[in-house]
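Please keep the viewer open as you read.

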Amino acid sequence: MKILVIDDSGVQRKMIISIIRQAGFNNEILEAGNGNQGIEKLGTNHTEICLILCDWNMPELSGIEFIAAVGQIPVLCEIPLIMVTTEGTDAKMAEARSKHPKLAGYVAKPFTPDQLKAAITPYVK
Amino acid sequence: MELDIIDVFTGSLRAVHRALISMSGKKVDEMPYIAKQEGSSFMVLAPDNTFSSVILFEHSKSVPPVKGALVVYMSKFNVINLFGDSLGFTADSSKTEMADACGELCNLVLGGFKSDMAKQGYGEIEISTPHNYVDAVSEVLPLQTKHRYYMSFASGKDPLISVTIGIGNA
């Protein structure tokens, strides 16, 4: 199964992938630089994706817009989705959960490797 | 609630520690070298082989609104030293990638700072995207500061990164 990482920062995607590998997961990783690219990747791979990690602030289509779109589509909203973002306030977390009621997790940046590993481990297949 | 410089200073201190651990897995000494700076103009000033990254922020709920800037400076040597393991940087890595890493560190510092300020009851702080500089730079930012601090973070005797933070009124 594949993991989809959506973040406009190439450095952040590299860090997240490094932590996924450190955790011992060898899944194929799909990368997207914004919400639009995330939707493209999801469109062609959704049956093979076990987890989506998504940033909030991105150009073109933001993370909050991406999760709102995905949250409305029955087959897609079942894919575990964890937001990984600098928007770490309770208000932002509540906003994200209102857009995607089945949100699997919310990791605030800066996170430690152990924090991200703990968030993703239940969902990686 | 007006942004208090002590809260800004201590918040940014905590944020730098957390951001460095997040990106590099490495800790720096608890207390940096700190210098309060005088003067109202705020500059980004760095020599060659340095990566600098600036983020502007604003707290519109302060009366009057408060604007600020945070600048992170890292030498090429320390980008490799800190991020060689986590991001695979070597002496041959592109300067653009290294500048992106410095920008991302700056972004993480401000992200942590934002969350810290929100927990202290200040509400939302708006932050810009990082503006990255490679090598020598001498640029005045559009900000007149009332308070400005320079912090240099080290691990033992080895300086690793320096940060300047300033706030003033919009």
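## The model and its conventions

This is a predicted model, in which local features need pLDDT of at least 70 and side-chain atom pairs count only at pLDDT 80 or more, while totals for chains, interfaces and linings use all residues. Residues are numbered from 1 along each chain as its sequence is written, chains are lettered from A and ligands numbered from 1 in the order in which they are written, and side-chain values use heavy atoms, with hydrogens and water left out.

The model scores ipTM 0.76 and pTM 0.85.

Let us begin with strand 4 of chain A, residues 81-85. Helices (H or I, at least four residues) and strands (E, at least two) are DSSP runs, numbered from the N terminus. Of the 5 residues in this strand, 5 are buried, where buried means under 20% relative accessible area, exposed over 50%, and partly exposed in between, with a 1.4 Å probe and protein chains only. In a regular strand the side chains alternate between the two faces of the sheet. Here Leu81(A), Met83(A) and Thr85(A) point one way, and Ile82(A) and Val84(A) the other way.

Which strands does strand 4 of chain A pair with? Two strands pair if DSSP finds at least two bridges between them. Strand 3 (residues 49-54) of chain A runs parallel to strand 4 and is joined to it by 3 bridges, with Cys54(A) opposite Met83(A). Strand 5 (residues 105-108) of chain A is also parallel to strand 4, through 4 bridges, and there Gly105(A) is the bridge partner of Ile82(A). Together with helix 5 (residues 90-99), strands 4 and 5 of chain A make a right-handed β-α-β unit; right-handed means that, with the strands pointing away from the viewer, the path from the first strand over the helix to the second runs clockwise.

Cys50(A) sits in strand 3 of chain A and is buried, with a relative accessible area of 3%. Ala69(A), in helix 3 (residues 63-71) of chain A, counts as partly exposed because its relative accessibility is 31%. The C-alpha atoms of Ala69(A) and Ile39(A), 30 residues apart along the chain, are separated by 9.1 Å.

Strand 4 (residues 66-75) of chain B has 8 of its 10 residues buried. Strand 3 (residues 50-59) of chain B pairs with strand 4 in the antiparallel sense over 10 bridges, and Phe51(B) stands opposite Met74(B). A hairpin through 6 residues joins these strands. Strand 4 of chain B also pairs with strand 9 (residues 158-169), again antiparallel, over 9 bridges; Tyr73(B) has Ser162(B) as its bridge partner there.

Helix 3 (residues 95-119) of chain B has 25 residues, 19 of them buried. At 1.5 Å a residue, helix 3 of chain B should span 36 Å, and its end C-alpha atoms are 36 Å apart, which agrees; the expected span is 1.5 Å times one less than the number of residues. Just after helix 3 of chain B, Gly121(B) takes a positive phi of about 95°.

## The largest pocket

The largest pocket has a volume of about 570 Å³. On a 1 Å grid over the protein atoms alone, a pocket is an open set of points where a 1.4 Å probe fits, with protein on both sides within 12 Å along at least five of seven lines, and lining residues have an atom within 4 Å of a point. Grid points are joined across faces, edges and corners, and the volume is the space filled by probe spheres set on the points.Of the 28 lining residues, the closest to the centre of the largest pocket are Asp8(A), Ser9(A), Glu104(B), Asn107(B) and Pro130(B). Helix 3 of chain B gives the largest share of the lining, 6 residues.

## Backbone details

Lys109(A) and Pro110(A) are joined by a cis peptide bond, with omega about 0°, and Pro110(A) is in the loop between strand 5 and helix 6 (113-120) of chain A. The peptide bond from Val63(B) to Pro64(B) is cis too, with omega near -5°.

Glu60(A) has a positive phi near 65° and is exposed, with a relative accessible area of 63%. Phi of Asp135(B) is also near 65°, but Asp135(B) is buried, with a relative accessible area of 18%.
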